[in-house]
Amino acid sequence: VYYKGLEFLIRAMRRIRGHALIVGQGPERERLAAEAEALGVSDRVTLLGHVPDTRPYYHAARVFALPSHLRSEAFGIVQLEAMATGLPVVNTQIPSGVPGVSVDGVTGLTVPPGDPTALADAVNRLLDDPDLLGKRERQWLLASDDIDLYMKGKIKQQAAGESGALSESQYRWIKDLASQDALELRFNRTFFTNGDSREPEQAGVGGAVIGSLFTLRVRTSSS
C-alpha cells in the first residue's frame with residue numbers, strides 16, 4: 001500500500017546489516033521488487049507476498065520495522081502483533097497514532113518518516129545491541145477499534161481485504177492473545193485527557209463515551 005513507505009525500507013537496506021522479509025500482497029509489489037534490484041539489495045530483500053499465518057515470521061525476526069510515511073497509517077496493528085512477541089519496533093514520527101503505539105526509547109525507536117538513513121541507523125542499533133532498550137516489561141496498550149469491537153461482539157470475522165474486516169491472520173492472532181489472557185477490558189483513564197476514541201456520529205454519544213471509558217487493552221512485550 002502506498003502509505004506503508006516500504007520503498008524507504010528497501011533504500012535503507014543498503015546500510016542495514018540484515019535481511020528484510022516483507023509480508024503482504026499489494027499493487028506496489030512489482031515496483032518494490034524493481035527498486036530492490038536496481039539498488040543491488042534484492043539478495044537481502046524477500047517479498048513474501050500473502051502468507052496465511054504471520055506468527056512464525058514475528059518469532060523468527062529480531063526487529064520489526066513499520067516505515068509508514070503518511071498519516072493514512074492511523075494505528076498500525078502490526079506493531080501490537082510484533083510487540084506481543086517481544087520484538088522491538090522501529091516506527092515513524094507521523095501525525096497519527098503510530099508513534100504512540102510503540103514508544104520511542106521504551107518499546108522501540110521512532111525515526112523521521114521518509115528517511116532511509118535514520119531508518120537504517122535505528123534498525124542497526126537494535127540489531128547490534130539487543131539490550132539497547134533494557135528489560136521490556138509487560139504493559140497494557142489500547143487495542144485498535146477493530147479488535148475492540150470484535151471482542152465485544154460488535155463485528156464478525158469477515159473475508160480478508162474487505163473494508164473494516166479482520167484478516168484471517170489477525171483473527172488467529174486475537175484468538176492466541178485471548179487464550180493467553182492477554183486481552184482485558186479496562187477502565188481507560190486517558191479518556192479524561194484525550195477524549196473519545198469513537199466517532200459519536202457512528203456510535204451515538206452514549207456509545208462513544210462508554211466505548212472510550214471501558215476499552216479493550218492488549219498486553220504486549222515480555223519481561
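**Burial, cores and salt bridges in the predicted model**

Val-78 belongs to helix 4, where helices (H or I, at least four residues) and strands (E, at least two) are DSSP runs numbered from the N terminus. The structure is a predicted model, in which local features need pLDDT of at least 70 and side-chain atom pairs count only at pLDDT 80 or more, whereas totals for chains, interfaces and linings use all residues. Residues are numbered from 1 along each chain as its sequence is written, and side-chain values use heavy atoms, with hydrogens and water left out.

Val-78 counts as partly exposed, at 25% relative accessibility; buried means under 20% relative accessible area, exposed means over 50%, and partly exposed lies in between (1.4 Å probe, protein chains only). When residues up to four places away in sequence are not counted, Val-78 touches Tyr-58, Phe-64 and Leu-66, a contact being heavy atoms within 4.5 Å. Val-78 and Leu-66 are twelve residues apart along the chain, and their C-alpha atoms are separated by 8.2 Å. Helix 4, which spans residues 77-84, is mostly covered, since six of its eight residues are buried; these are Ile-77, Gln-79, Leu-80, Glu-81, Ala-82 and Met-83. The helix is followed by Gly-86, whose phi is positive, near 85°.

The protein as a whole contains ten helices and eight strands, and buried residues make up 40% of its 223 residues. Of the contacts with a separation of 6 or more, 67% are between residues 24 or more positions apart. The accessible surface comes to about 11600 Å², of which 52% belongs to carbon and sulfur atoms; such areas come from the Shrake-Rupley method with a 1.4 Å probe, and for residues only the protein chains shown count as cover.

In soluble globular proteins, nonpolar side chains tend to be buried together. A nonpolar core is taken here as a set of buried Ala, Val, Leu, Ile, Met, Phe, Trp, Tyr and Cys residues joined through side-chain atoms within 4.5 Å. The largest such core has 25 residues, of which Ile-10, Ile-16, Ile-22, Val-45 and Val-90 touch the most other members. At least two residues of this core are supplied by each of helix 1 (6-12), strand 1 (20-23), helix 2 (29-38), strand 2 (45-49), strand 5 (108-111) and helix 6 (116-128), and the largest share, seven residues, comes from helix 6. Apart from this core lies another, of 17 residues, among them Tyr-58, Leu-80, Leu-87 and Leu-183. Within the largest core, Ile-22 is in contact with Leu-6, Leu-9, Ile-10, Val-45, Thr-46, Leu-47, Leu-48 and Gly-49, leaving aside its neighbours within four places in sequence.

Two aromatic pairs are found in a search of the whole structure; rings of Phe, Tyr and Trp (its six-membered ring) pair if their centres lie within 6.5 Å, and planes under 30 degrees apart count as stacked, over 60 as edge-to-face and the rest as tilted. Tyr-2 and Tyr-3 form an edge-to-face pair, with 5.2 Å from centre to centre and 85° between the planes. In the pair of Tyr-58 and Phe-64, the ring centres are 6.0 Å apart and the planes lie at 45°, so this pair is tilted. Both Tyr-58 and Phe-64 are buried, and Tyr-3 is also buried, with a relative accessible area of 18%.

Eight salt bridges are found in the whole structure, each being a side-chain nitrogen of Lys or Arg within 4 Å of a carboxyl oxygen of Asp or Glu. One of them joins Glu-73 to Lys-4, with the closest N and O atoms 2.6 Å apart. This pair links distant parts of the chain, 69 residues apart, as Glu-73 lies in the loop between strand 3 (64-65) and helix 4 and Lys-4 in the segment before helix 1. Glu-73 is buried, with a relative accessible area of 6%, whereas Lys-4 is partly exposed at 22%.

Glu-7, Arg-11, Glu-28, Arg-31 and Glu-35 are linked in a network of salt bridges. Glu-35 and Arg-31 both lie in helix 2, four residues apart, about one turn of the helix. Arg-31 is partly exposed, with a relative accessible area of 39%, whereas Glu-35 is buried, with a value of 16%.
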